[in-house]
Number of protein chains: 6
Amino acid sequence: MRIRVVNPNTTVAMTETIGRAAAAVAGPGTLVEAVTPTMGPASIESHYEEALAVPGLLEQVALGEQEGVDAYVVACFGDPGLDAAREIATGPVIGIAEAGFHAAAMLGRRFGVVTTLARTTGRAHELAERYGFASLVTEVRACEVAVLALDDPASGARELIVEECRAVVAGGADAVVLGCAGMAELCAEVSRAVGVPVVDGVAAATVLAESLVRLGLGTGKCGEYAPPPPKPVTGLLAGFRRDQPADATIGVAA
Amino acid sequence: MRIRVVNPNTTVAMTETIGRAAAAVAGPGTLVEAVTPTMGPASIESHYEEALAVPGLLEQVALGEQEGVDAYVVACFGDPGLDAAREIATGPVIGIAEAGFHAAAMLGRRFGVVTTLARTTGRAHELAERYGFASLVTEVRACEVAVLALDDPASGARELIVEECRAVVAGGADAVVLGCAGMAELCAEVSRAVGVPVVDGVAAATVLAESLVRLGLGTGKCGEYAPPPPKPVTGLLAGFRRDQPADATIGVAA
Amino acid sequence: MRIRVVNPNTTVAMTETIGRAAAAVAGPGTLVEAVTPTMGPASIESHYEEALAVPGLLEQVALGEQEGVDAYVVACFGDPGLDAAREIATGPVIGIAEAGFHAAAMLGRRFGVVTTLARTTGRAHELAERYGFASLVTEVRACEVAVLALDDPASGARELIVEECRAVVAGGADAVVLGCAGMAELCAEVSRAVGVPVVDGVAAATVLAESLVRLGLGTGKCGEYAPPPPKPVTGLLAGFRRDQPADATIGVAA
Amino acid sequence: MRIRVVNPNTTVAMTETIGRAAAAVAGPGTLVEAVTPTMGPASIESHYEEALAVPGLLEQVALGEQEGVDAYVVACFGDPGLDAAREIATGPVIGIAEAGFHAAAMLGRRFGVVTTLARTTGRAHELAERYGFASLVTEVRACEVAVLALDDPASGARELIVEECRAVVAGGADAVVLGCAGMAELCAEVSRAVGVPVVDGVAAATVLAESLVRLGLGTGKCGEYAPPPPKPVTGLLAGFRRDQPADATIGVAA
Amino acid sequence: MRIRVVNPNTTVAMTETIGRAAAAVAGPGTLVEAVTPTMGPASIESHYEEALAVPGLLEQVALGEQEGVDAYVVACFGDPGLDAAREIATGPVIGIAEAGFHAAAMLGRRFGVVTTLARTTGRAHELAERYGFASLVTEVRACEVAVLALDDPASGARELIVEECRAVVAGGADAVVLGCAGMAELCAEVSRAVGVPVVDGVAAATVLAESLVRLGLGTGKCGEYAPPPPKPVTGLLAGFRRDQPADATIGVAA
Amino acid sequence: MRIRVVNPNTTVAMTETIGRAAAAVAGPGTLVEAVTPTMGPASIESHYEEALAVPGLLEQVALGEQEGVDAYVVACFGDPGLDAAREIATGPVIGIAEAGFHAAAMLGRRFGVVTTLARTTGRAHELAERYGFASLVTEVRACEVAVLALDDPASGARELIVEECRAVVAGGADAVVLGCAGMAELCAEVSRAVGVPVVDGVAAATVLAESLVRLGLGTGKCGEYAPPPPKPVTGLLAGFRRDQPADATIGVAA
């Protein structure tokens, strides 16, 4: 089984972190490949950056389809482009917010979320609502550390995240979801410090994607998620379409 | 007052239809400018196409900011890129699904929606939920006419839309929202045939954008919708940022 | 275009404030007329007073219908009698809570409300639920200044309202709605002090009513909001019915 | 114990029907008094009529307070003036829609409603939402018999109601609520015909009001439902206030 | 009329407290019988204990059916086994959380709950959601006194409950529901101290059960709550079935 | 890794079916053990039977704790005893309705459920609400085949299930969940016939339980799901407690 974990931003170091977190939980016989898009922002902390990250993410999915990838993980907590990716993929596509919420929902009655910047909490609530978990989320708290500073010890990210997680638990949550792919490698340590289950979405999405493949399940293709109708596209990913031969032009057209 | 109505697809004829519908309801002294993006799909009937339409839409908003535009209308019923556009604009940004829902909500207790393809109804429901109107929407029906066939008399679009509107009214709705910018010029005729208020989102968004400007109101900028943090972007709209000088590189970088 | 703004209480000074706020935002060519009912309470701060205000409000709408008014604004934040007024009017009828919520909903993800007395907050939440905005309202806070003391500088209303608005913004709202028609003229000043968009319902309702008239839209009349069936009424407004001649007896019968 | 059942319309024959239904279920030692207001519409089938019925209803509650009534029933399925009545009464006030919903909710998982005219179904849904029962209501169906024709055998009301009740049960409801005070005396017969519990709101409200009095419970008076603040009222019920001596002027002032 | 109040735990002293509270509010002519099951936990403060309490509770209901009981009260705030009891009873079955919520809902707009241990608050919220009252519950607070310590003056239960009730009122509730059958006899005193209506579920359930019997209403038997299909059961209550003769084997089989 | 799949009814043939379905999807190195309780009903088709199944289920979980089981699956679509089992287990416990809903939620926007008897659909909706999926469930349909007849070819179960699944897809679902453990082995065939993803809860629960173990996650134990407080229990499972030595008395006491 081959699972492609797409880091939707263009920071290769972050792709590597994500890849290690995914590989650490994948079952025997599963190949995890973490990829970086060729276009998009260095990190995603706004709706604007999320929007600009989607074409590069879709390019990686389209390439994966040509190469026989079985399932995809969208490794940014805003789950950018998830619906679009589901239309062009044949196997499952899982977002890390989606996966983190699903895993946490099975660990008790309610859970909280600790994310990076406060400006992203609205999107986290929106996704919780979309996936059905709004009534299960106690709160979404921000540690106010920028995505690319998470792995800089000088940022104090670990301590700040632990502090916010403790506040979440004090508020009645049975578990906590970490709200950024860049927090993946901090998860075990934070969990030990906090004393409740702490969920990293990257790891959760990897095992859930594997699970769906093992169950023989993929996105339903009879309605909303059927392949997009063939149609001229100017500029972006113009040559791509999953029903086209693998030698189609790839990427940003002139 | 200057309102830019952005058609997020690249079909110029549709931009013209949209522009006429917007201009017809704008108040005296309001300049309506309908624009077409330089990249993206010919029409938007899937999540994939919606995602690919957003960069071109954002380019038009970024250009508008340099030119002193007062407010923006996103003229596709999926309201693509609305949150992102709100981050980079100083004045109001209104989506046509958003506007259609708001207008219809003031005309009775509940309303229904008639859209193009059934595969887009999920997105319409999602937007209704997002804006708060889920409990006010009786149903979303599709006439199964493709976007670019709406103005082709051979498609029978007008009759099919009237039929679906009648079904919506029979189901208990006080009003109907037409779910595609391409239906703008059919609205008056459909309303006469059906006998209840029928709302075209393009016209509604135009007057609502005007209204907000007149009230001196724009997107709140203290939190989620503050301008995105400055950051390297590879490829797409790399040179753009509303806080940058007007001579910045525009569009798709190499 | 002729818009009648009905102050549902009997305090003429307040009608004048409301009239100025409405006229200040109306477009060129729109006549705004603010009216005071002939019966009802001096101000509205309870369900009891709201109920007693409705007949006088409906009298003004019924008179307006005889005089060719195009649209109505119900200028009390409890939106009293809105459904009843919609049944007897041919054009749009907009409540100021309704309008304030609609405008604020287009300015970000969520908004808060600052009202007069805490005892009115339940009604504000009920209206938010009714119009669909319950999930968008962060909180409703009270400044505990009585309606008729709002324009008395000795009440400290302005400072208290600013303080509550700041608390609302600290709670994560992108915008604030002022919850009383008597706050209309404080709105601009409060907005400057607070730094986020602050919405006055009277102004918002005026431009929204204008917008609907411009769009050719009014309340759907095919179901719940059809004119009430002709029927004997004892006492109150006994002679009124919008489908009756203009010389019908008006007001409170013996 | 003394329970006043207020028929909010002015049709005395209907008050008598309501009084019989209430008296039939009241416990030993409970005095049920059914009263008719001095002003208002002959029946209530619209928001307009509901609004005009409220002052007369409040007059009966205010009189009851002077006479030592222990609890009130508002005997119209729109529960008009319920919040206002709660402010001016010291004991419990129960609406018949409220009571019917509460009783039915204890008889299974979900219930349906059969009412008179389709134009009143929106209000029934609104009340269900307000009281918390929206998710428990399967549907609200109308038999399209006018309120004052219900007891006219020629109207076929009984058969039409049975038919709609059967449709409700086929739709998965465990019980049915009859949506008009004028259906009170048909309830037993309809229940026998349909084979599931059928609830008459008048009877249900009477026993629930009794129950609350027996438990020593009344409306909470610490916040929203405190007595309305003393204040000039022009015209309607101007002399009334529950904190005033019993010889206060009653009713409609000049 | 004969109402069986089942204390689902095996502590006889608590059954006696519950029986006194129920008898104190029952109407003339109503026989209240409080019973203790033959198996189960000494008190119920976890899901595990709730599950183990249900067979003993169902045994008491099955016995009651053989003896002609008219209605049942399930006297534990988790309402354990309520759906199962409704299937095997012919008359109404009311849980005390259910009854407390219904009573409180008629006393204002919103209410709060004060319960024993914090670990039971999740269940209280779940029941509120199930019965429709989620949006009416302001909060569920715990006094952290164990069930069997409530009547021990040394536990300070009364003072702690008063304190939590005051916090509930400060949070905007119009009434408070006490969240444990063991609090029944503290209710009047707490209510006096707090100044808002305080509801004891045992008393409320008793009068509501009486009310439904008086209305001739019981659980709907046409669908979900029809008697369970005859079927072999190993061990627990193996001989019981309400459609079997009264001499059937009762209780726990070998 | 050792996963215990508990069939909560006492029919051994059904345990074998369930065990095969679970083993078929478990990863390499995972031991699946399907067990049958020593007490309870032969199948579960009512709330009464569900309640009587829980003690036997809890006995199997308690035994598993003594034997070092890593995770549990509750293999009945009503997810009986799930909360109680989570309190006494150290590792994850997953219900098959829960698992089926989670898996289906990742396959599109909305899904439907096909279950056995219509009387169980209320419980399915209740569980969907509890887990957060109410807004994602299009409908729950029943094929009206009894649980123990599902594997009898004469029942026509396969054809009836296919027919109901097709109706679910026609209603707009992207996927279908089969609502009974007894349908596990029909799943692949049904999926092929229907053409959309069809989810068997037993298989889904098995891989999800494995996934959580692999992620190092279990139920949060800081609040609601802490081990139940030590306490006398009469009769049922009296000797069990997960914090007690392995030689404790097991099962139904005299």
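What volume does the second largest pocket have?

Tutor: First, some ground rules. This is a predicted model, so local features need pLDDT of at least 70, side-chain atom pairs count only at pLDDT 80 or more, and totals for chains, interfaces and linings use all residues. Residues are numbered from 1 along each chain as its sequence is written, chains are lettered from A and ligands numbered from 1 in the order in which they are written, and side-chain values use heavy atoms, without hydrogens or water.

Now your pocket. Its volume is about 560 Å³. Volume here is the space filled by probe spheres set on grid points, which are joined across faces, edges and corners. On a 1 Å grid over the protein atoms alone, a pocket is an open set of points with protein on both sides within 12 Å along at least five of seven lines; a cavity is a set where a 1.4 Å probe fits but cannot get out; lining residues have an atom within 4 Å of a point.

The second largest pocket has 23 lining residues. Gly171(A), Gly172(A), Ala118(E), Thr121(E) and Gly122(E) lie nearest its centre. Two or more lining residues come from each of these elements: helix H6 (157-170) of chain A, and helix H5 (121-131) and strand S7 (137-142) of chain E. Such elements are DSSP runs, numbered from the N terminus: helices (H or I) have at least four residues, strands (E) at least two. S7(E) gives the most to this lining, with five residues. By class, the lining has seven nonpolar, eight polar and eight charged residues. Ala, Val, Leu, Ile, Met, Phe, Trp, Tyr, Cys and Pro count as nonpolar; Asp, Glu, Lys and Arg as charged; the others, Gly among them, as polar.

The structure holds 15 cavities of 30 Å³ or more. The largest cavity contains about 690 Å³ of space. It is lined by 31 residues, and closest to its centre are Glu50(C), Arg123(C), Glu50(D), Gly81(D) and Arg123(D). Helices H2 (47-67), H3 (82-88) and H5 (121-131) of chain C, and helices H2 (47-67), H3 (82-88) and H5 (121-131) of chain D, each supply at least two of the lining residues. The lining divides into 14 nonpolar, four polar and 13 charged residues.

That leads to the interface of these two chains. In chain C, 45 residues are in contact with 45 of chain D (contact means heavy atoms within 4.5 Å). The two chains bury about 3600 Å² between them, 60% of it on carbon and sulfur atoms. His47(C), Tyr48(C) and Arg119(C) lose the most area on the chain C side, together 22% of what that side buries. Buried area is the accessible area (1.4 Å probe) that two parts lose on being put together, summed over both.

Charges meet here too. The rule finds eight salt bridges between chain C and chain D, each a side-chain nitrogen of Lys or Arg within 4 Å of a carboxyl oxygen of Asp or Glu. Lys231(C) forms a salt bridge with Glu49(D), with the closest N and O atoms 2.9 Å apart. At least two residues of the chain C side come from each of strand S3 (40-41), H2, H3, H5 and strand S10 (233-234) of chain C. H2(C) gives the most to that side, with eight residues. That side has 23 nonpolar, 10 polar and 12 charged residues.
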